[in-house]
Amino acid sequence: MQQQQTITRRNQTAHALISAALLLCLAPAKSDAAQANTADAMCLLEEHNALRASVGVPELRWSDALARQATAWANELKKTGCGMKHSHTAKAGENLYWASPLKTGTRSKGKSTWKWRLTQQPITGKNVIAAWAIEQPWYSSANNTCDAPPGKTCGHYTQMVWAGTREVGCGKAVCDDSSQVWVCNYAPAGNVVGQRPY
């Protein structure tokens with residue numbers, strides 16, 4: 001009975017953390033130009049920690065140093081058209097996320113040609129973490145294996161919940177075509193071959 005109560009309390013705590021993270025992250029980051037290239041630290045941290053709570057690993061701390069490193073790499077990727085490429089930074093794990101621009105068109109009345117416009121999608125930290133967390137069902141903690149579909153992986157998810165990781169810092173850049181690249185760096189790095197994430 002005691003064990004069942006402990007598990008129920010853990011589940012209630014995890015659900016409460018996920019609910020709190022959802023409330024913090026529903027609104028997109030400020031839309032003014034000064035905020036266009038910044039990642040919402042509180043939202044990203046809460047989303048990471050809600051996911052980590054669901055598997056019983058310690059919370060992460062936000063690292064301004066890792067955030068600066070992630071932002072610098074996102075800006076470097078921006079210079080090359082926002083191509084997806086890892087930085088291979090020593091001693092840090094890294095997750096990357098890319099979002100295409102929105103393409104909208106208008107046509108003047110009586111004209112057959114369209115005028116196209118690219119705009120930035122309203123991506124939040126919640127969207128980014130959810131995109132990586134979608135890998136969770138593919139990971140088997142019982143066997144420490146990944147059964148992802150072809151071309152997919154479990155590595156983004158396992159890095160986020162890696163028990164030995166203590167800090168995270170994220171950054172983003174909006175590219176000239178209004179696409180976005182997000183980078184999160186983790187220390188110590190996870191995804192160590194032969195080890196279990198939790």
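Analyst: Strand 1 and strand 7 run parallel, joined by two bridges. Within that pair, Trp62 stands opposite Val168 in strand 7. Keep in mind that this is a predicted model.

User: How many bridges join strand 7 to strand 8, and do they run parallel or antiparallel?

Analyst: Eight bridges, antiparallel. Cys170 stands opposite Cys184 in strand 8. The hairpin of these strands has five residues between them, and there Ser178 takes a positive phi near 75°.

User: Why is strand 7 called largely enclosed?

Analyst: Buried means under 20% relative accessible area. Seven of the eight residues of strand 7 are buried, so the rest of the structure largely encloses it.

User: How do you know that the span of helix 3 agrees with its number of residues?

Analyst: Helix 3 covers residues 64-79, 16 residues. At 1.5 Å a residue it should span 22 Å. Its end C-alpha atoms are 23 Å apart, which agrees. Just after helix 3, Gly81 takes a positive phi of about 80°.

User: Which residues of helix 3 are buried, and what puts them on the same side?

Analyst: Leu66, Ala67, Ala70, Trp73, Ala74 and Leu77 are buried. They cover an arc of only 130° around the axis, so they lie on the same side of helix 3. What covers them includes strand 1, strand 2, strand 7 and strand 8. The face turned away from this buried side carries the exposed residues Asp64, Arg68 and Lys79.

Conventions: Residues are numbered from 1 along each chain as its sequence is written. This is a predicted model: local features need pLDDT of at least 70, side-chain atom pairs count only at pLDDT 80 or more; totals for chains, interfaces and linings use all residues. Side-chain values use heavy atoms; hydrogens and water are left out. Helices (H or I, at least four residues) and strands (E, at least two) are DSSP runs, numbered from the N terminus. The expected span of a helix is 1.5 Å times one less than its number of residues. Buried means under 20% relative accessible area, exposed over 50%, partly exposed in between (1.4 Å probe, protein chains only). The arc is that of the directions from the helix axis to the C-beta atoms. Contact means heavy atoms within 4.5 Å. Two strands pair if DSSP finds at least two bridges between them.
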